[in-house]
Amino acid sequence: MSSTLFDFIEKKEPKDNNTAHLSPLAYRVRPHSLDKFFGHENTLGKNQPLRLWIDSDQVPSILLWGPPGCGKTTLAKIIAKNTSSAFKTLSAVSSGIKEIKEIASLAKNRLEIHQKKTIVFIDEIHRFNKAQQDALLPHVENGTIILIGATTENPSFEINNALLSRIRVIKLNKLDENEVVKIINNAINDKENGLSKALKLTDDSIHWIAKCSDGDARKALTILENVFLTLPISNTPIKLTQLKENLELIINRGPIAYDKSSDNHYDIISAFIKSMRDSDVDAAIYYLARMLKGGEDPNFIVRRIIIFASEDIGNADPHALNIATSTAQAVQFVGLPEAQINLAQAVTYLSMAPKSNASYKAILSANKEVNNSGSLEVPMHLKNAVTGLMKEHGYGKNYSYSHNLKAAVTPQSHLPKEIKSARFYNPKEIGHEKKICETLMKIKKIKSL
């Protein structure tokens, strides 16, 4: 490829400065340097790997994983601007294998002719299918391109292992309220691209906007722009009461951040189960509310409650399973929103119930034994002599009928002879299982005679 043609391909479209002011505020005030990039100190702080890579112009292929509005795209563009690499983008929605090959070919020529690396940014890379992700592999592996992907989804579930093994995953957390406040103040004070101090807000008004954004910088700046366009300009700072009065409906906070099919879904249900397990009833109710507000299927919640009743409570409170299954019926019969009351009753009961995982551990232990020892022969005295021939061969011989004894327990063994001393169920001395422990001790005494 000739340098003339290559330069033509490299030529950027001219910026239309006359229309720049028409862009959304979030776009206009997007930072171009790390000094103006607020948040993520644990990732971009001094001596952190990503910061060192950027400063030394040695950025490897990376995947930026974090919630919406945390700065993934902005960070990718800052990396490109602060390194000597060309910056190209691919659309995870409209780009296919053809576009991947084309951009890789240009990157190869750029590297050979100009000794210039190419950063390829792919937003929402989780939307690429397996074939598209596989098409990136050789170009990432041989260094033809430096891949920067961005995703809101857990890469463990959405990115091919082969590609994942060749890139570094950078986890970006949701921005906290103070970080969003800094972003809002920067937008207000930005003379060139922001609001040029034309808007004045009290500190509590700014914090309210930050809180409404739920860690999403783009959402916070959109709310701020609505404030600027909705309320009259005044030298007097806008108070929180005035802000709420005029913008509560416009802001429309919408459903709480919750993805029913991804990482957030598993995080919340995990916190919910672990809160009930540790008898933290307030935390359990909180996570129940989070799931319901996020639109989680109540049938999914109640299924987990039923499992929990046996796995984590078991015979410490035998009523727990009845409560859980009754709640499942109530959810089906009543439906939301009223069924949240039934769910709340079940969650509070199960949270406060005595806990035992003895039944759960028993089946795990028994499964392990079955896997290890295989199909052991059932003791002859337990086999049923259905026919005369079977009786002649000793089926059922010496079987002791427990109801004929006073305690309804016999000394006979029921496990295969190879594992006759095995013990799988070990109840805890808590709740109803304390009584089971006492009964089990009596049974063991009879068995040992």
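Two strands pair if DSSP finds at least two bridges between them.

**Entry: strand β1**

I am reading a predicted model. I looked up β1, which covers residues 62–65. I found that β1 pairs with β4, residues 146–151, in the parallel sense. Four bridges hold that pairing. Which residue of β4 is the bridge partner of L64? I found A150.

Then I turned to β5, residues 168–171. β5 also runs parallel to β1, and four bridges join the two. Here I noted L63, which stands opposite V169.

Are the faces of β1 covered or open? Both are covered. I62 and L64 lie on one side, L63 and W65 on the other, and all four are buried.

**Entry: helix α17**

Next I checked α17, residues 319–334. At 1.5 Å a residue, its 16 residues should span 22 Å. I found the end C-alpha atoms 22 Å apart, so the two agree.

Which residues of α17 are buried? I listed A320, A324, T327, A328, A330 and V331. They cover an arc of only 165° around the axis, which puts them on the same side of α17. An α-helix has 3.6 residues a turn, so residues three or four places apart point the same way.

What do the buried residues of α17 pack against? I found α16 and α18, the latter being residues 339–352. On the other side of α17, I noted H319, Q329, Q332 and F333 as exposed. Just after the helix, G335 takes a positive phi of about 75°.

**Entry: confidence**

The mean pLDDT of the chain is 84, and 90% of the residues reach 70 or more. Among the elements, α16 (residues 298–313) has the highest mean pLDDT, 94. Helix α1 (residues 3–10) has the lowest, 40.

Over residues 1–20, pLDDT stays under 50. For this stretch the model has 15 contacts beyond four places in sequence. Where pLDDT is low, the predicted coordinates should not be read in detail. I left that stretch alone.

**Entry: the whole chain**

I counted elements last. The chain has 21 helices and five strands. Of its 449 residues, 40% count as buried. The accessible surface comes to about 26,000 Å², and 52% of that belongs to carbon and sulfur atoms.

I also checked contacts between residues at least 6 apart in sequence. Of these, 73% join residues at least 24 apart.

Conventions: Residues numbered from 1 in each chain as written. Predicted model: local features only at pLDDT ≥ 70, side-chain atom pairs only at ≥ 80, totals over all residues. Heavy atoms only, no water. pLDDT = per-residue confidence, 0-100. Contact = heavy atoms within 4.5 Å. Expected span 1.5 Å × (residues − 1). Buried < 20%, exposed > 50% of the residue type's maximum accessible area, 1.4 Å probe, protein only. Arc of directions from axis to C-beta. Areas by Shrake-Rupley, 256 points an atom, 1.4 Å probe, with all protein chains shown as cover.
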